[in-house]
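Here is a short report on two protein chains and how they meet. Keep the structure open as you read.

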Amino acid sequence: MAAANRPLSPHLQVYRPQITSIISILHRITGVALAGGTLLFTYWLTSAAYGAEAFERSQALLGSWFGLLVLCGFTFSLYFHFANGIRHLFWDVGQGFEMETVRRTGWMVAIFSVVATIVTWIFFCPWLGGA
Amino acid sequence: MEMQSHLARARGLGSTKHGVGHWWAQRLTAVALIPLSLWAVASAISLGGADYATYHAWISELGNLVLMLCFVTALFHHAQLGMQVVIEDYVHGETAKVTLLIATKFIAIIGAFSCIVAALKVALSG
């Protein structure tokens with residue numbers, strides 16, 4: 001590669017954060033987090049193949065306060081990546097490219113993922129008598 | 001002297017018709033994961049705190065087993081495609097990049113097979 005004195009874009013240190021750029025990088029961050037989450041999922045699913053004791057140990061681990069906290073993070077990541085993924089699919093078919101629409105759908109994704117996470121955990125939180 | 005036209009030279013060199021393979025697979029798995037991930041969330045909620053017998057009964061239902069295998073397949077395929085893009089974008093050293101790409105693919109394959117075999121083992125056990 002030639003000497004890397006070429007300008008890079010965007011200059012993050014002078015780049016004003018916008019809903020579009022924040023949502024964009026969060027899509028990657030949540031995606032990487034969820035990819036890591038597949039390994040936790042694998043642990044949970046495979047534990048059942050080792051019998052009742054191993055499965056109930058993994059269930060207890062996920063049901064501990066730390067496990068629930070991690071699951072809460074994954075719930076948000078999944079809802080966010082899910083909603084913004086649908087936003088991406090609309091772009092893929094050429095819809096929703098107007099700047100105003102892009103900003104509005106960006107906010108919709110942010111609000112949906114926060115609200116859906118809260119609703120999920122309020123309704124299904126074990127210590128509130130849910131599932 | 002160059003005797004070929006630009007078009008003739010380009011033909012067969014590029015990724016013609018294959019370049020969209022990654023893009024298409026990522027979208028296909030994304031579309032599949034829309035219903036599958038909702039099902040997975042609902043299932044996870046219903047299995048919260050469940051004991052082994054409850055899980056065994058759940059995964060033994062044919063519909064749940066099939067959806068679980070579909071979910072796992074789409075999930076790991078989608079995850080490794082996405083990780084590939086992220087690694088290619090941010091890891092610039094060739095050795096580190098290729099090493100991470102290979103590790104990602106291997107981990108995805110091992111994870112997917114582990115999930116599939118584990119789900120089948122419990123579902124098909126008496």
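## B:Gln84 and its contacts

B:Gln84 is in contact with B:His22, B:Leu101 and B:Lys105, leaving aside its neighbours within four places in sequence. This is a predicted model. B:Gln84 lies in helix α4 of chain B, which covers residues 62–90.

Is B:Gln84 buried or exposed? Its relative accessibility is 15%. Buried means under 20%, so B:Gln84 counts as buried.

Now move to another helix of chain B. Helix α2 of chain B takes in residues 21–46, and B:Thr29 has its place there. B:Thr29 counts as buried because its relative accessibility is 8%.

Which residues does B:Thr29 touch, not counting those up to four places away in sequence? They are B:Ala74, B:His77, B:His78 and B:Leu81. B:Thr29 also has a polar partner within chain B. A polar atom of its side chain lies 2.8 Å from the backbone oxygen of B:Ala25.

## Where the chains meet

Next comes the interface. Chain A gives 28 residues to the contact, and chain B gives 35 residues. Together the two chains bury about 2600 Å² between them. Carbon and sulfur atoms carry 76% of that area. In chain A, three residues lose the most area to chain B: A:Arg28, A:Leu45 and A:Phe82. Together they make up 21% of what the chain A side buries.

Why quote an area at all? The size of an interface is often given as the accessible area lost when the parts come together.

How many salt bridges does the rule find across the interface of chain A and chain B? It finds 2. B:Arg27 forms a salt bridge with A:Asp92. The closest N and O atoms of this pair are 2.7 Å apart.

Polar contacts are counted as well. Between chain A and chain B there are 7 residue pairs in polar contact, with both residues at pLDDT 80 or more.

## The chain A side

The largest share comes from α1(A), with 13 residues.

What classes of residue make up this side of chain A? It has 18 nonpolar, 7 polar and 3 charged residues.

Conventions:
Residues are numbered from 1 along each chain as its sequence is written. Chains are lettered from A and ligands numbered from 1 in the order in which they are written. This is a predicted model: local features need pLDDT of at least 70, side-chain atom pairs count only at pLDDT 80 or more; totals for chains, interfaces and linings use all residues. Side-chain values use heavy atoms; hydrogens and water are left out. Contact means heavy atoms within 4.5 Å. Buried area is the accessible area (1.4 Å probe) that two parts lose on being put together, summed over both. A salt bridge is a side-chain nitrogen of Lys or Arg within 4 Å of a carboxyl oxygen of Asp or Glu. A polar contact is a pair of N or O atoms within 3.5 Å; within protein, one must be able to donate a hydrogen and the other to accept it, and residues adjacent in sequence count only if both atoms are side-chain atoms. Helices (H or I, at least four residues) and strands (E, at least two) are DSSP runs, numbered from the N terminus. Ala, Val, Leu, Ile, Met, Phe, Trp, Tyr, Cys and Pro count as nonpolar, Asp, Glu, Lys and Arg as charged, and the others, Gly among them, as polar. Buried means under 20% relative accessible area, exposed over 50%, partly exposed in between (1.4 Å probe, protein chains only).
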